[in-house]
Amino acid sequence: MNIGDRVRLLTGREEGIITRLLSDELVEVAIDNDFTIPVLRREIVVVAAEETKAFGKSATAVAAEKKAAASGAAMAAEAAKKAGVATTREAPKPTTSEGPPPLKADKTVAPPVQKGLYLALTHQSPELLALHLVNHTDRDVLFTFGEEKAGGQYRGLKSEKLEAKTASAALGHWHLKDFDQWPALLVQLLPFQFNSPTAFELLTKRIQFKAASFYTSRQPNVPVLQREAYLFQLDEKPAAPVNIAPEKLAETLKAQLTGNAPAKPAAVAPAPQPAKALVAPPHEVDLHLEALQPEGGTEGLSNTAILKLQLEAFEDTLSRALATNMHEIIYIHGSGNGTLRKELHKLLSRNRDIKFFEDSQKEKFGYGATLVRLK
């Protein structure tokens with residue numbers, strides 16, 4: 001069972017949609033797209049697509065879809081009003097016939113959707129949306145789909161070929177109540193047509209949803225999907241063709257495979273900078289912040305930033321001490337909470353060029369200094 005599956009309760013005739021997976025044995029189901037309840041997995045069964053094809057939609061399913069469309073439109077209008085955005089057309093009202101509610105035949109009717117590649121979000125319930133890629137073009141498209149988490153971390157989710165005039169299966173399910181936590185989406189698209197003499201460059205689109213534009217993007221009848229959806233175009237700038245004559249492309253590939261490709265001109269290396277003379281560090285190195293930065297300018301530094309400065313100074317002076325054949329060096333790190341001392345001892349214990357290290361001159365420094373003997 002997955003989020004978005006339509007299910008039926010074994011103890012009754014109610015149907016609903018899975019909106020959350022609460023545990024291995026418990027799921028959350030939206031009954032009639034009105035209210036959600038936790039249900040044990042063993043008490044529900046997935047409504048198979050073959051059942052719908054054979055018997056048609058049940059009255060419950062039809063009523064639920066109408067209610068979802070009406071509720072979704074109402075939520076969109078309310079959210080757009082809160083965001084201070086004027087809607088371009090009235091929210092559709094539920095009707096007694098199947099399919100999307102009719103729009104008024106006036107200037108408020110949305111213009112037809114032009115050919116292109118789109119990301120569409122459709123209502124599974126008033127609060128649950130399914131994400132689809134829609135290929136409303138005459139070419140096949142290879143695509144990758146992923147999300148960008150907080151901190152810029154990317155996570156790939158799907159890669160597939162999408163044929164012309166088709167839509168992908170649901171790429172994910174998102175809750176409207178979590179709108180502020182929706183990640184940014186990253187979609188890469190490469191148009192392709194069999195036997196075409198033209199190749200195309202890769203299109204990359206990053207989408208970060210905002211309430212002001214999201215709730216005004218609703219289209220009453222999206223091509224291919226043939227239903228209402230929030231629609232975002234991915235190819236406002238069409239992929240540029242890569243004009244390579246077939247015979248030239250064949251020659252280039254043959255030359256590269258046989259190793260006879262013309263050599264690229266060698267890059268001229270810049271003149272080497274004269275090496276700086278190594279200067280031995282002092283016998284005693286004070287790692288306190290005021291000693292490392294006597295000119296100041298360290299206000300507001302975090303503890304992590306201060307520790308980084310201290311460790312950089314330690315590594316620099318230790319490497320110079322080894323390079324200039326010093327026999328020993330003392331690091332004054334202070335007692336404090338012992339964080340810097342622990343980090344120094346950890347690094348020293350891993351260095352094979354160290355004979356040994358120990359607390360230095362306890363009568364003078366207490367436990368605030370470490371003597372390092374070098375090989």
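**Helix packing, sheet and voids**

Author: Leu307, Gln310, Leu311, Phe314, Glu315 and Leu318 in α6 meet Thr339, Leu340, Glu343, Leu344, Leu347 and Leu348 in α7. Contact means heavy atoms within 4.5 Å, and helices (H or I, at least four residues) and strands (E, at least two) are DSSP runs numbered from the N terminus.

Reader: How do the residues of that contact divide by class?

Author: The contact of α6 with α7 has 8 nonpolar, 2 polar and 2 charged residues. Ala, Val, Leu, Ile, Met, Phe, Trp, Tyr, Cys and Pro count as nonpolar, Asp, Glu, Lys and Arg as charged, and the others, Gly among them, as polar.

Reader: Before we go on, what kind of model is this?

Author: This is a predicted model, in which local features need pLDDT of at least 70, side-chain atom pairs count only at pLDDT 80 or more, and totals for chains, interfaces and linings use all residues. Residues are numbered from 1 along each chain as its sequence is written, and side-chain values use heavy atoms, with hydrogens and water left out.

Reader: Back to the helices. At what angle do the axes of α6 and α7 cross, and is the crossing left-handed or right-handed?

Author: The axes cross at roughly 35° and come within 11 Å. Axes are lines fitted to C-alpha atoms, for helices over the stretch in contact, and angles run from 0 to 180 degrees between N-to-C directions. The crossing is right-handed, meaning that the near helix is turned clockwise from the far one by less than a right angle.

Reader: Which strands does α6 lie across?

Author: α6 lies across β18, β19, β20 and β21, and runs at about 170° to β19. α7 also packs on the sheet, where it touches β19, β20 and β21, and its direction makes about 160° with that of β20.

Reader: What is the strand order in that open sheet?

Author: The order of the 4 strands is β18-β19-β21-β20, with mixed pairing. Two strands pair if DSSP finds at least two bridges between them. β18 (284-286) and β20 (354-359) are the edge strands, each pairing on one side only. On average, neighbouring strands are turned by 20° against each other, direction ignored.

Reader: Over how many bridges do β19 and β21 pair?

Author: Residues 328-332 of β19 pair with residues 369-374 of β21 over 5 bridges, in the antiparallel sense. Glu328 stands opposite Arg373 in β21.

Reader: Now the second largest pocket. Which residues lie nearest its centre?

Author: Ile306, Gln310, Asn337, Thr339 and Leu340 lie nearest the centre, out of 15 lining residues. On a 1 Å grid over the protein atoms alone, a pocket is an open set of points with protein on both sides within 12 Å along at least five of seven lines, a cavity is a set where a 1.4 Å probe fits but cannot get out, and lining residues have an atom within 4 Å of a point.

Reader: What supplies the largest share of that lining?

Author: α6 does, with 4 residues. The lining divides into 4 nonpolar, 10 polar and 1 charged. The pocket holds about 310 Å³ of space, where a volume is the space filled by probe spheres set on the points, and grid points are joined across faces, edges and corners.

Reader: And which residues line the largest cavity?

Author: Leu117, Tyr118, Leu133, Val134, Val141, Leu162, Leu189 and Leu234 line the largest cavity. β6 (116-123) and β7 (128-136) are the elements that give two or more residues to this lining. By class the lining has 8 nonpolar, no polar and no charged residues, and the cavity volume is about 30 Å³.
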